[in-house]
Structures are given as C-alpha cells and as structure tokens.
Amino acid sequence: MTKRIQALCITMPKIKEKGIDRKIAPAIVDAARLHIELPKYEMHVLSNGVELYLFNMGTQETMMVNWILDAGNWYEQSNLVAATTNHLLKNGTASKNAFAVNQHFEFYGSYLNRNCYNETAEVSLHCLSKHVRELLPVVAEIMNESVFPEEELDIYKKNMHQRLKVNLQKNEFVATRMIEAYLFGEQHPYGRFSREEDYISLQQVQLKDFFQRYYQNGKAVIFVAGVLPKDIVQQLEASFGKLNWGKHSLPVNDHTLHPSGEKKYRLQNSIDGVQGSIRLAKLFPNRKHPDFPKMQVLNNVLGGFFGSRLMNNIREDKGYTYGIHSYLMNHIQTSALLISTEAGKDVCEPALVEVYKEVERLRKEPISDEELLLTRNYLIGSILSELDGPFQVASRWKNYILNGLNEEYFYNSIRTIREVSPRELQEIAEKYLTMEDFYELIVV
C-alpha cells in the first residue's frame with residue numbers, strides 16, 4: 001500500500017446552503033500542495049539599541065520572553081566558563097540569594113530557564129501574561145547583578161563532576177562527544193568537551209569576568225511570543241532599555257577547524273554493556289550555502305524520519321537497532337551531517353556496512369517518485385506542526401535571525417521541498433556523500 005501523508009480539504013461546492021453535507025467525503029490533497037505562510041513579527045529597538053521581536057498571537061494568556069546573548073563557549077578563554085556562568089545566573093544577586101530568586105519565579109507560577117550553546121547563551125521566561133510585569137525586573141537584576149557565590153559554585157562543580165563520571169560509563173555519551181572532537185578538533189568550540197580537571201579548575205573570578213564582559217556589557221536580542229500585554233514594549237524598555245548592552249564591541253575569535261587525520265575509530269568503553277554506539281559524521285556548509293535546502297530533503301530520505309531508508313533497512317529489515325537517525329547539525333559557522341544509532345555489540349560492524357550501502361544507493365540510483373512524494377509530504381507536515389503556536393513561530397524566526405537569514409529563506413526551502421527532482425538529489429549525494437569523507441566511530 002502506498003504510504004502518503006495527506007490532508008483533508010473541504011471544498012466550496014460540497015458545502016450546502018444550510019451547512020456541510022456529511023454524506024460527501026471531503027477532497028484529499030497531498031500535504032506538499034498546501035499553502036503555507038510564515039507569520040510575520042513586529043520589531044522594535046530599545047533605547048540601548050537592543051532589537052526586540054514580538055509575536056503577538058495565540059489564544060491562551062501565556063507568553064515567553066527569550067533573551068539571546070553572544071555568550072556561548074565560542075567566547076570563553078577556559079573550558080566550561082560560559083556554560084557555568086549561564087547556569088549560575090539564578091544562584092544569587094547582589095540583593096537576593098538563590099532561594100529568594102527561585103521563590104520569586106515560583107510564586108508567580110513561572111519558569112526561568114538558561115541554556116548555553118556554541119555561539120550563544122540564552123535565558124527564557126515562561127509565564128502568565130498578567131504576571132510578566134512582576135517578573136521582568138528580577139530577570140534584569142539577574143542579567144546585571146549576579147554574584148556567583150562560592151558555595152553555589154562548589155555545589156555545581158561537585159554535581160557536574162559526579163554527573164560526568166556517570167555519563168562517561170554510557171557509550172552513547174562518549175560516542176557523541178568523541179565524534180565531534182574528531183570532526184572539528186578538540187580545541188574548537190564545536191569539538192571541545194568537559195573533563196574532570198576542567199570542573200576542578202573553575203574559579204569564581206573567571207565567571208565574574210565572563211559575566212561582566214558578555215552579560216553586563218554584552219550584545220543581546222530579545223524574542224517575545226504569546227498573548228502580549230499592550231504595553232509590553234514599555235515594560236521591556238523600563239527593565240532592559242538602560243542596560244549597558246551593545247555599547248562595547250565583542251572580540252572576533254577566529255577558531256580554526258582542526259579535524260583529526262584519522263577517519264576510523266573503535267573505542268572500548270564498557271566491558272559489561274550489551275550495546276555499542278555508532279556515529280558517522282562529515283563536515284557540511286552552513287545554512288547560507290545554496291545546497292543546504294536540497295541536503296535537508298536528501299537527509300530526510302536517508303535517515304530523517306521513521307520511514308527513512310536507514311530505518312527501513314537497519315531497524316525494520318535487519319533488526320539491528322530500535323532506531324537510527326541522520327541529521328544536519330545546527331551550528332552557525334559550519335554544519336555537519338551526523339548518522340547516529342545504538343546496536344548490539346555483535347552487530348555494530350554489520351550495521352555500519354548497511355549504512356554505507358544506503359549512502360551508496362543514494363549516489364548511484366535516483367530516488368523514486370513515490371518515495372520522494374512521501375518525503376515531500378512529511379517535510380511539509382513537519383513545517384506545519386512547527387508553526388503551530390506562537391512559541392514555535394518565534395523559535396523558527398529566532399533560528400533565521402541568528403543565522404542572518406530572512407523570510408525568503410523559508411519560502412525558498414518550501415519551493416525546494418516541492419520542486420527538487422530525483423536527479424538533483426542524486427547530484428547532491430554524489431557531491432557530498434563520499435564514503436571516504438566520513439568520520440567513523442564505534443564505542444562498545
């Protein structure tokens with residue numbers, strides 16, 4: 001039976017004068033033919049030059065405020081300083097200890113989260129729209145007056161050290177961090193990983209210096225989504241418009257890729273484990289490259305969803321794994337194609353052979369029209385689900401803006417999904433899926 005992702009579409013001729021005729025089935029159309037629009041944002045600039053993007057939409061009286069700062073590990077001088085600074089923002093300010101800070105957000109039923117990535121760090125607030133006025137000043141205090149108490153840092157170091165020891169016993173954890181180190185180089189921000197000595201050497205003064213440079217005097221962008229108060233711009237201006245953001249130039253760190261000279265690795269990590277972790281990866285240009293949208297389609301055929309070739313072969317046919325996936329890493333400077341799975345130790349090598357077979361098939365044989373239609377429908381359906389709600393819309397726009405892209409990129413991607421031909425995808429496979437270029441790792 002042909003697999004097709006389809007959508008129901010009620011047409012005007014089938015609507016009677018007094019309502020819908022339930023005896024007549026609505027027309028069925030492929031998802032790839034549906035019209036999709038990317039909702040627009042409203043942009044403001046605070047008095048200190050910070051760009052503010054508003055997505056005033058939704059039906060529930062909730063909202064999200066997302067502060068994005070150029071404060072990722074791209075800018076740190078010592079390993080783990082950026083991530084630790086970001087994590088400890090909530091652990092005490094000049095006037096509030098960690099308990100008081102967290103109690104304030106809990107009192108209003110809100111959630112304040114922090115995340116640190118390669119180039120950026122972010123703080124996200126989720127709350128009821130009616131409570132944002134009471135919460136924004138405390139977020140501003142956190143971003144400008146955090147003090148990083150020694151006792152909080154000591155607790156964090158002990159917890160993270162213990163977590164690292166536990167994670168290092170897991171093959172999948174070791175495999176993920178090692179394949180990135182091989183691919184980008186251990187000294188590159190994309191390939192750098194944590195060690196025990198890195199946690200031991202963390203000092204309060206390092207966090208305060210990083211905070212002063214990249215939070216108090218850094219560069220920020222703000223995204224706000226949900227059902228927004230009418231005066232939300234004024235509220236944000238009052239709390240963040242006077243901060244010293246954007247007034248100092250950030251250092252230009254030119255991190256050079258240093259990929260490993262060796263391409264094939266086998267690591268022994270867990271003697272008692274029954275599963276091994278398989279990773280294959282190769283460098284790929286970032287989102288601004290014209291081949292990126294086509295590669296997204298090709299990746300979906302290879303291993304991007306449950307109906308992909310890798311799933312059908314290695315899970316459904318061979319039974320080597322519960323799941324196998326391929327994806328393009330979402331880095332700003334450069335990207336990479338990664339294939340990832342866990343399999344029984346005795347079938348790791350056969351599974352690897354089958355992965356290469358599927359890669360080679362994409363190079364040698366054009367994709368059938370039926371399989372490509374399934375992929376088109378899946379990708380369009382995924383985009384529709386990712387635009388379902390204000391937070392999802394803001395997330396997609398955030399991705400575009402941080403990567404220096406605009407709405408034309410979105411519509412060009414839609415056109416590529418709908419119009420790319422089997423021959424074009426085969427040419428992309430021939431160009432980029434050269435087996436000799438893959439870094440190959442099995443951890444058992």
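Q: How much space lies in the largest pocket?
A: Rolling a probe the size of a water molecule over the atoms shows where empty space is left. In this predicted model, the largest pocket holds about 1,100 Å³ of space.

Q: Which residues lie nearest the centre of the largest pocket, and how many line it?
A: The lining has 34 residues. Nearest the centre are Leu-80, Ala-83, Cys-116, Ser-194 and Tyr-199. Two or more lining residues come from each of helix H1 (81-87), strand E8 (111-116), helix H4 (150-167) and helix H5 (171-184). H4 gives the largest share, eight residues.

Q: How do the residues of that lining divide into nonpolar, polar and charged?
A: The lining of the largest pocket has 14 nonpolar, 13 polar and seven charged residues.

Q: What volume does the second largest pocket have, and which residues lie nearest its centre?
A: Its volume is about 710 Å³. Of the 26 residues that line the second largest pocket, Arg-287, Gln-296, Leu-379, Glu-386 and Arg-396 lie nearest its centre. At least two lining residues each are supplied by helix H9 (292-304), strand E13 (324-328), helix H12 (369-386), helix H13 (390-402) and helix H14 (407-419). The largest share, seven residues, is from H9. By type, the lining of the second largest pocket divides into twelve nonpolar, eleven polar and three charged residues.

Q: Strand E13 has come up; in what order do the strands of its sheet run?
A: The order is E11-E15-E12-E14-E13, in an open sheet of five strands with mixed pairing. Strand E11 (264-267) and E13 are the edge strands, each pairing on one side only. From one strand to the next, the twist averages 10°.

Q: In what sense do E13 and E14 pair, parallel or antiparallel?
A: E13 pairs with strand E14 (residues 335-344) in the antiparallel sense, over five bridges. Ser-326 is found opposite Ile-339 in E14.

Q: Which strands does H5 lie across?
A: H5, which also gives residues to the lining of the largest pocket, lies across E11, strand E12 (275-284), E14 and strand E15 (439-443). H5 runs at about 25° to E12.

Q: At what angle do the axes of H3 and H7 cross, and which residues make the contact?
A: The axes of helix H3 (residues 132-145) and helix H7 (residues 204-216) cross at roughly 130° and come within 8 Å. H3 and H7 are therefore oblique to each other. On the H3 side the contact is made by Ile-142, Met-143, Asn-144 and Glu-145, and on the H7 side by Phe-211, Tyr-215 and Gln-216. These contact residues divide into four nonpolar, two polar and one charged.

Notes: Residues numbered from 1 in each chain as written. Predicted model: local features only at pLDDT ≥ 70, side-chain atom pairs only at ≥ 80, totals over all residues. Heavy atoms only, no water. Axes fitted to C-alpha atoms, helices over the stretch in contact; angles between N-to-C directions. Helix = DSSP H or I, 4+ residues; strand = E, 2+ residues; numbered from the N terminus. Parallel < 35°, antiparallel > 145°, perpendicular 65-115°, else oblique. Contact = heavy atoms within 4.5 Å. Nonpolar A, V, L, I, M, F, W, Y, C, P; charged D, E, K, R; others polar. 1 Å grid on protein atoms, 1.4 Å probe; cavity = no way out; pocket = protein on both sides within 12 Å on 5 of 7 lines; lining within 4 Å. Points joined across faces, edges and corners; volume = space filled by probe spheres on them. Pairing = 2+ DSSP bridges.
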